Amino acid sequence: MNTLTLLTLLAAFALGAFYLGRRRSLLAGGGARTLHSLPGYYGFYVVIWCLIPPLGLMLGWQVFEPRVLTWLIIEGLPESMSSLPQGPLNLLLNDIRNLASGDLVVTEVSEVMTQAADRYTALLSSSKFWLSTMTIMLALAGISLATLRITPAFRARNKVESTVQMILIVASSIAILTTVGIVFSVLFESIRFFQRVPLDEFLFGLQWSPQMAIRADQVGSSGAFGFIPLLTGTLLITAIAMVVAVPIGLMTAVYLTEYAKPAFRSVAKPLLEVLAGIPTVVYGFFAAIQVAPFIRDSGGLIGLDVASESALAAGIVMGIMIIPLVSSLSDDAITAVPAAMRDGSLALGATRSETVKQVMLPAALPGIVGGVLLAVSRAIGETMIVVMAAGLAANLTANPLEAVTTVTVQIVTLLVGDQEFDSAKTLAAFALGLMLFLVTLVLNVIGLRVVRKYREAYE
Amino acid sequence: MYGVNEGVAEDLRSGRFGAGFSGAEMLENSAAQRADSPDGAGTIGNIQAANPYMVASGVNVHYGDNHAIRNVSLEIGKNEVIALIGPSGCGKTTFLRCLNRMNDTIESARVTGEITLDGHEIHDKSLDVVALRARVGMVFQKPNPFPKSIYDNVAYGPRIHGLASTRAELDEIVHGSLQRAGLWEEVKNRLHEPGTGLSGGQQQRLCIARTIAVSPEVILMDEPCSALDPIATARIEDLIDELRRNYAIVIVTHSMQQAARVSQRTAYFHLGDLVEVDATNKVFSNPGHRLTEDYITGRFG
Ligand SMILES: Nc1ncnc2c1ncn2[C@@H]1O[C@H](COP(=O)(O)OP(=O)(O)OP(=O)(O)O)[C@@H](O)[C@H]1O
Ligand SMILES: [Mg+2]
């Protein structure tokens with residue numbers, strides 16, 4: 001029986017289990033009144049017993065089946081083969097599996113291998129059989145045991161609720177565990193990188209050119225992994241983006257919350273949100289095709305030498321992209337200031353703009369700062385626009401008219417194309433990823449703290 | 001206090017007030033009909049003040065479709081305190097907010113009728129709303145200190161109006177205002193801590209200090225003592241009495257005793273109507289209207 005059929009069957013069982021549990025509870029006492037919980041809870045209680053053990057079994061089977069099968073096959077191989085080193089053994093096992101499923105086989109097929117493949121097929125089908133049988137038996141056992149436990153005094157609601165709570169905990173830990181997993185994998189790969197390139201060279205090096213020599217006699221490609229030019233490039237572009245986004249976003253928010261008529265507001269807010277929904281790759285070619293040439297040409301007019309890919313172009317477009325983020329977070333922060341503050345100020349004879357400047361903005365400031373920090377981490381992590389508009393040259397410069405490159409862009413270029421998975425060049429991407437992660441993490445933590453502090457202010 | 005409106009509405013519908021009672025019939029009439037009647041015709045007693053400073057005539061306020069104030073005419077006199085009383089939701093706050101045009105800030109509110117301040121129409125183009133609010137100060141029903149320091153809260157008004165040219169003058173205004181609001185002793189050592197960190201009653205006195213710091217000509221107080229203990233209440237009442245020497249004061253209160261103690265005139269609102277206005281001792285000793293009498297003797301609900 002294949003997995004899909006099995007799952008469908010389980011679903012049918014669950015449906016039956018619900019009605020069984022419900023009916024049983026109604027019949028067990030003298031009607032719904034004498035029951036501890038509502039009849040539906042007894043139904044769910046039986047469903048839980050019908051579903052969770054079999055699903056657990058299936059999951060465990062999924063995890064352990066391949067290992068057990070492999071082990072059994074290796075045991076069955078003649079001594080000469082089973083004592084092979086790891087690499088060739090894996091190849092052999094792959095061939096056996098392919099043979100069993102009728103796929104192409106790389107090596108010559110020997111007698112032993114055909115036998116092994118036959119054994120593999122047999123094992124596989126008996127494994128399927130046992131899985132189906134045991135799953136169904138577990139489900140039925142669960143249903144009957146759970147149904148038998150139902151009495152009017154049985155606390156089905158408490159059991160169901162604690163199970164639901166467990167499920168919630170599992171769900172939330174999935175997200176957390178994934179994050180932790182990603183962090184650790186990045187961390188371990190970075191450690192491998194730092195075994196090849198010293199940490200201080202990476203953190204303080206002023207030169208970034210990750211080309212490694214392919215042949216020993218090649219000249220000029222020893223590879224330099226100095227992180228500083230990437231960091232300054234990232235910070236330069238982020239700073240330009242903030243210079244564009246913060247004033248415009250903030251003024252937009254002030255206009256929308258304090259001055260705009262509700263009708264205008266109801267049109268303008270969704271429009272701004274559309275701006276936030278444009279894919280960054282679209283902004284990227286807008287930057288590369290419209291903004292960068294425009295900046296180069298207008299720079300040329302006043303005698304400035306502007307690179308055709310410049311930090312300025314990327315930064316400006318990134319700023320435009322971030323405006324909606326800044327404006328909607330500031331908007332929320334200003335709207336969250338109680339109307340009584342505004343009234344209090346106006347009633348003292350303050351004008352609208354005095355009220356905004358001296359009461360509303362200071363009161364909303366923590367929220368606005370939090371929003372800006374989130375925008376900064378968004379800008380630091382942004383890739384597409386920079387790839388397309390800022391170039392790849394790792395220049396160590398503070399001149400916004402030159403081409404620079406950022407951490408994210410370098411990660412992309414390091415990993416594009418065919419790579420060896422343990423060269424310093426590839427591993428460098430993980431080290432950069434780790435740096436990026438640390439920087440944005442710190443910013444997010446600060447942002448969240450500020451926002452939290454601000455929440456306390458009015459409760 | 002709940003059930004007041006229902007009780008009265010019930011009485012009105014069943015005509016339990018008796019035939020000789022014109023007020024009840026008047027209240028039963030539709031708003032449209034009433035709008036035709038001359039200013040203040042529905043109000044009994046005397047809407048005139050001895051020394052009128054603000055004059056409202058035929059004021060109507062609509063919040064969308066809700067007719068919250070119906071054709072109210074009332075004079076507010078200099079050197080006197082007028083108390084606005086009435087059951088919850090009858091429009092006291094709404095009327096108060098008309099007087100310094102705070103209803104402008106409510107999108108759905110529509111105010112019609114005439115209101116003059118010292119003879120000038122307050123809705124007139126020539127009178128700036130900002131200047132109006134500096135002259136007609138307001139203390140809100142709920143304390144709303146700014147999230148600034150205590151000092152800055154009080155200094156806010158004087159600063160925006162440029163009332164002090166030196167730091168010492170500003171200090172003097174802040175000190176004087178806090179003193180008069182009865183808060184100075186409690187906060188003199190923590191002037192630079194946030195005003196939002198004060199207790200509810202202290203916050204309310206801070207708001208009063210903030211209002212008097214700009215020396216308005218008329219002070220509107222919306223239940224200024226509802227969060228205060230008897231001692232602080234007594235201070236505020238003394239303050240009101242003192243302020244009366246120079247200013248015109250309107251106070252909304254739910255306490256009959258307070259109205260009787262601090263005011264010279266009392267106006268009774270009911271479901272958006274100004275039912276009765278008269279000298280305070282007249283209203284409390286010999287109310288002209290059955291509704292007023294029921295309210296002040298606590299016979300509702
Ligand atoms: N901002 C507003 N928008 C819409 N309707 C309002 C608004 N403010 C007040 N109202 C309505 O106007 C009527 C009068 O309200 P108002 O606040 O003036 O009552 P009040 O006499 O001050 O009551 P309380 O003693 O409870 O403070 C009520 O029916 C109220 O629902
Ligand atoms: Mg009120």
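These legends walk through a few close-up views of a predicted model.

**View 1. Who sits around ligand 1.** Ligand 1 has 14 residues around it, counting a residue if one of its heavy atoms lies within 4 Å. Ser88(B), Gly89(B), Lys92(B), Thr93(B) and Thr94(B) are the closest. Sorted by class, that shell holds 4 nonpolar, 8 polar and 2 charged residues (Ala, Val, Leu, Ile, Met, Phe, Trp, Tyr, Cys and Pro count as nonpolar, Asp, Glu, Lys and Arg as charged, and the others, Gly among them, as polar).

**View 2. Oxygen atoms of ligand 1 up close.** Look for Thr93(B), where a polar side-chain atom lies 2.5 Å from an oxygen atom of ligand 1. Lys92(B) has a side-chain N or O atom 2.8 Å from a ligand 1 oxygen. With Gly91(B), it's a backbone N or O atom, 3.0 Å from an oxygen atom of ligand 1. On its own, ligand 1 has 620 Å² of accessible area, and the protein covers 66% of that (Shrake-Rupley method, 1.4 Å probe). β3 (66–77) and α4 (92–99) of chain B are the elements that give two or more residues to the shell, and α4(B) gives the largest share, 3 residues. Helices (H or I, at least four residues) and strands (E, at least two) are DSSP runs, numbered from the N terminus.

**View 3. Where chain A meets chain B.** Here 18 residues of chain A are in contact with 23 of chain B (heavy atoms within 4.5 Å). About 1,700 Å² is buried between the two chains, with carbon and sulfur atoms giving 65%; buried area is the accessible area (1.4 Å probe) lost on putting two parts together, summed over both. On chain A's side, Asp343(A), Ala347(A) and Leu348(A) lose the most area to chain B, together 36% of what that side buries.

**View 4. The salt bridge between the chains.** Asp343(A) pairs up with Arg97(B) in a salt bridge, their closest N and O atoms 3.4 Å apart (a side-chain nitrogen of Lys or Arg within 4 Å of a carboxyl oxygen of Asp or Glu). The rule finds 1 salt bridge across this interface.

Methods. Residues are numbered from 1 along each chain as its sequence is written. Chains are lettered from A and ligands numbered from 1 in the order in which they are written. This is a predicted model: local features need pLDDT of at least 70, side-chain atom pairs count only at pLDDT 80 or more; totals for chains, interfaces and linings use all residues. Side-chain values use heavy atoms; hydrogens and water are left out. A polar contact is a pair of N or O atoms within 3.5 Å; within protein, one must be able to donate a hydrogen and the other to accept it, and residues adjacent in sequence count only if both atoms are side-chain atoms.
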